[in-house]
Amino acid sequence: MNSSLERSRKIRTAGVYAFFIIGSVIMIFPFVWMFLTSFKTVEESMIVPPTILPAAWQSGSYNKATASLPFFALYKNTILMIFWRVVCAVLFSSMAGYAFAKLNFKGKNVLFSLVLIQMMLPSQIFITPQYQMLAKVGLTNSIFGLVFPGLVSAFGTFFLRQAYLGIPNEIAEAAYLDGCNQWQTFVKVMAPLTKASMAALAVFTAVFAYGDLMWPLIVNTDLNMMTLSSGLATLRGQFSTDFPTMMAGSLLAMIPMVVLYLFFQKQFIEGVAMTGGK
Amino acid sequence: MAGNAKSGKLAKSESMWAYLMVAPTVIGLLVLNIYPFLDTIKLSFSKTRPFGLYELRGVENFVQMFGSPEFWRANWNTLYFCILTVPLGILLALVVAVMLNTKIKGRTFFRAVFFLPMVVAPAAVAMVWKWIFNTEYGIINTLLAHKINWITDPNIVMITCAIVAIWSAIGYDAVLLLSGLQNISKSYYEAASLDGATKLQQFFHITLPMVSPTLFVVLIMRLMSSIKVYDLIYMMIEEANPALTSAQSLMYLFYRESYVSGNRGLGSAVVIWTVAVIGLVTVVQFWGQKKWVNYEV
Amino acid sequence: MKKLKKALFLLGVSALAALAGGCQKGSADGKTHLTFQIWDVNQRDGMQAVCDAYTAKHPDVVIEVQVTSWNEYWTKLEATAISNQMPDIFWMHTNEILKYADYGKIADLTDLYDAEDPEFYQKNFSEVSLSNIQGSDGRYYGVPKDKDTVGLVYNKEMFDAAGVAYPNESWTWDDLCDASAKIYAATGKYGYMAYGDDQLGYWNFVYQNGGHILKEDNITGGFDEPATIDAMRFYIDLQKNDWCPNQNYFAETSPGTAFFSEQGAMFLEGNWNILSEMQNYPNMIGKWDVAVLPKCPNPTAGDGRATISNGLCYATSATGKNLELVKEVLRFFGSEEGQRIQGESGAAIPAYIGLEDTWVKVFDQFDYKLNVGCFTDMFEYSVQSVNNKYRPTWKTQVSENLLKIYSGQITFDEGMQIFQDAINKAAEDD
């Protein structure tokens, strides 16, 4: 009896590992390919049939990529843009998400429908009008310009509203009876309970900001004011058939995100600990 | 609700706080998003000229749009893309999230692996995959020893796009779902284990209901972004690709009408249609959520 | 409602601006700062050199060259035009110049050189160059920057392997096909790679045969002329040969990529790419060369020779606040000196007549000598790149339906009729 339980547990564990190992290979394969290619010559990268390993490992592509793009400025701009967008998204979305989930006020449904409508709209239609707003107040070519479309997050509001809906009302009521006002209840009691969701939103916002290609190109004119993704697009124009250089540039562009990931990974784990005892 | 018991004064202070808390988001949305949307609505009823000039004309853009076979083809392509990506993508993301939430060895490594696609610039994603799928020197065809036209065969091209879409999105969805899973208290599982529930029973009776609010967000979001799909197809399928008409989504059609052909009015009509479709799908989902999403009240 | 919207807007923006703090850069150095927007990173250094030559003489001016890639360039330029924030100087392309000129967004520069020489444009720039800077009203809206031609790039090793003589001045379409077949038979590599492109493809063949894409009036389509139809049929049918890849192949692998990975022996290339190809493919050095385009053996009209020539120009906003100063800078950009510096940077062939060799000489830096002179030789019979103000509308329909002809969804004859109708209808609808 006991051994059959043990066996089924073992089979299950083996299944989980098999899934993860096959999944990992699929997920990781393009990166391995990128990495290997970045050390090949242009000609080698287009050989039929393709070779796996470069004949000779050369770092020329990395030199070309760093010579064409001001990576230091790109890192700085990208990180500042991500930082402000994350702060704005998490702060404003938490506030609005809490109000929409837990407070009663007139016009709640109408205002919440704005959030849903925004999520339905394709972002391409915002670019020209938003550019014109910024141009009117003379704020193009700035970090603020990069942050501008991400000042508020409809998705974040919706996502955190869902998180607050999952928290029992009794918790808020208890805090309320302890003499907290609405704001204190929100900041001290409710918001900490959504820490895992906030971290997820932060990751999400950061990733989304990082991938934003068109907006930085439109709002900021100079390469020194670009972000990594839009800088890479410029690189693509220059080295359209030079795969190794493109791959080298893409790998270099991943560095800040990898660092951010390592940082937020801790947040996830803390998130579990925080919400574990409810 | 708690509000019933409160005095009028308290309710008033509650709504004051509420307005203050939603103000930044609401103002931001009005300025950044709703105003451009109103502009798009206006343009969809106009004959547009370059440099933002237009003349109001009524429904002629819509008449032209509904009469265009390209438009109906784009609708089908978009629907097909959603069918291919949404159910499978979310299912895989949920499986990954659930497994990452268990205490297996190497969890940190696996988690990093599945989130890796999120940190690559989208332009690089398309480039790597196009190359992997290349008919002549792509690694997939080399491994299969077949010459499959992954990117240029009209019958296959959408499947190729869907594979790349799922690959890129699995990390996003898994992050969100994982956060939902981590909000579930362990005490539920402990109690269930004591009652002798199997893991599978625990999944269907605890995990799934408890994660359903997050799953609902993911579903809404994934469906919306699949209907709006543009970047990925734009980067995978070039203008010179014979399979373009089989891969052109609604937003790709919008892009080509607005920016390549310069017909902003017709492009705006496509946007209005797309938003209407998304709106309808979303309303249906909100109506349907009562049947399966579990909120604690 | 409108007031409310405006108030909301102002409230929102000022709140957000306060949040961000002042971000604007001031020009504390007392100099006039001009911005110069281009789309080609490869030419940034060359453009900077031209600007530096100007600012060396005028130390009170600073010119900053900014690069935005092609795809975003036009979205952005249009947005800046609407909000009156255009860069001080920018490149203008023939695809777009009519739109900008006809809507009064770019300055009329016809009188730019009147003080020094009223005939300056006519004396120093070719007719093709001047048509590329005209608005629909025939006035000049830019200063010619460069001019280009299309040539035949070929792989010498593959020709040797098949025992075929290299392409030369006397080559015709027949020689092109003949050599392709022999190379395919001998090496298994593709011959001429007839890609479904306009400027780097069928346009050249149509004009060589004496046909037209647009008739003399520049409004009506030329796809009803037998000369056009015959050339189109010849070009499209090239993909039916075993030695030519089909359009599916090209959708994944551009002819340039195929050529430099030694999959094919010939393709049409614009002169603007040659320098970077020399630099990017060191292992190919010595294996390839360039030649003039083969001619049509039995043209319906003309001598069978043609190559499509396009050219960019420098333009400025009609309402810029530094317009007078910018005009002075533009005068320098169009002058012999400005054009020479550009040519010597290797970026492009200067539009200025007599300076073509500056670009050719740039290739002296390489030990392996390419026959790049053929690109400038071809100006003699070059044809202006096809354009009218309705082109954005018909261009997409033509390229879409060309793909349908290739894939057999429509017949060749149907396709020609669709092309013709698309061009004519685009003009009627306006």
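In which helix of chain A is confidence lowest, and in which is it highest? The model is a predicted one, and in chain A the lowest confidence falls in helix α14 (residues 243–275), with a mean of 73, while helix α4 (residues 71–102) comes out highest, at 94. Taken as a whole, chain A has an average pLDDT of 84, and 92% of its residues score at least 70. One stretch to read with some care is residues 270–278 of chain A, where the pLDDT is below 50. Even so, that stretch has 17 contacts in the model beyond near neighbours in sequence.

Chain A itself splits into domain 1 (2–60) and domain 2 (61–275). The C-alpha centres of these two domains of chain A sit 31 Å apart. Where the domains meet, ten residues of domain 1 of chain A are in contact with eleven residues of domain 2 of chain A. On the domain 1 side, α1 (2–37) and α2 of chain A each supply at least two residues, and α1(A) gives the most, with three residues. By class, this side of domain 1 has three nonpolar, six polar and one charged residues.

Chain A also touches its partner chains. With chain B, 85 residues of chain A are in contact with 75 residues of chain B. The chain A side of that contact is made up of 62 nonpolar, 19 polar and four charged residues. The contact between chains A and C takes 31 residues from chain A and 28 residues from chain C. Here α2 (42–45), α6 (127–136), α7 (143–147), α12 (214–219) and α13 (228–238) of chain A each bring at least two residues to the chain A side, with the largest share, six residues, coming from α6(A). That side has 16 nonpolar, eleven polar and four charged residues.

Over in chain B, helix α9 (residues 199–227) isn't straight. Its 29 residues put the end C-alpha atoms only 35 Å apart, short of the 42 Å that a straight helix would reach. α9(B) bends by about 55° at Ser212(B), and a proline, Pro213(B), follows within four residues.

Finally, chain C has Thr172(C), which lies in the loop between α7 (156–162) and α8 (173–187). Leaving aside neighbours within four places in sequence, Thr172(C) is in contact with Pro294(C), Lys295(C), Cys296(C) and Pro297(C). By contrast, Thr172(C) and Tyr140(C) are 32 residues apart along the chain, and their C-alpha atoms are separated by 37 Å.

Methods: Residues are numbered from 1 along each chain as its sequence is written. Chains are lettered from A and ligands numbered from 1 in the order in which they are written. This is a predicted model: local features need pLDDT of at least 70, side-chain atom pairs count only at pLDDT 80 or more; totals for chains, interfaces and linings use all residues. pLDDT is the predictor's confidence in each residue, from 0 to 100. Two residues are in contact if their C-beta atoms, placed from the backbone, lie within 7 Å. Ala, Val, Leu, Ile, Met, Phe, Trp, Tyr, Cys and Pro count as nonpolar, Asp, Glu, Lys and Arg as charged, and the others, Gly among them, as polar. The expected span of a helix is 1.5 Å times one less than its number of residues. The bend at a residue is the angle between axes fitted to the seven residues ending there and the seven starting there. Domain bounds come from an automatic or database domain assignment.
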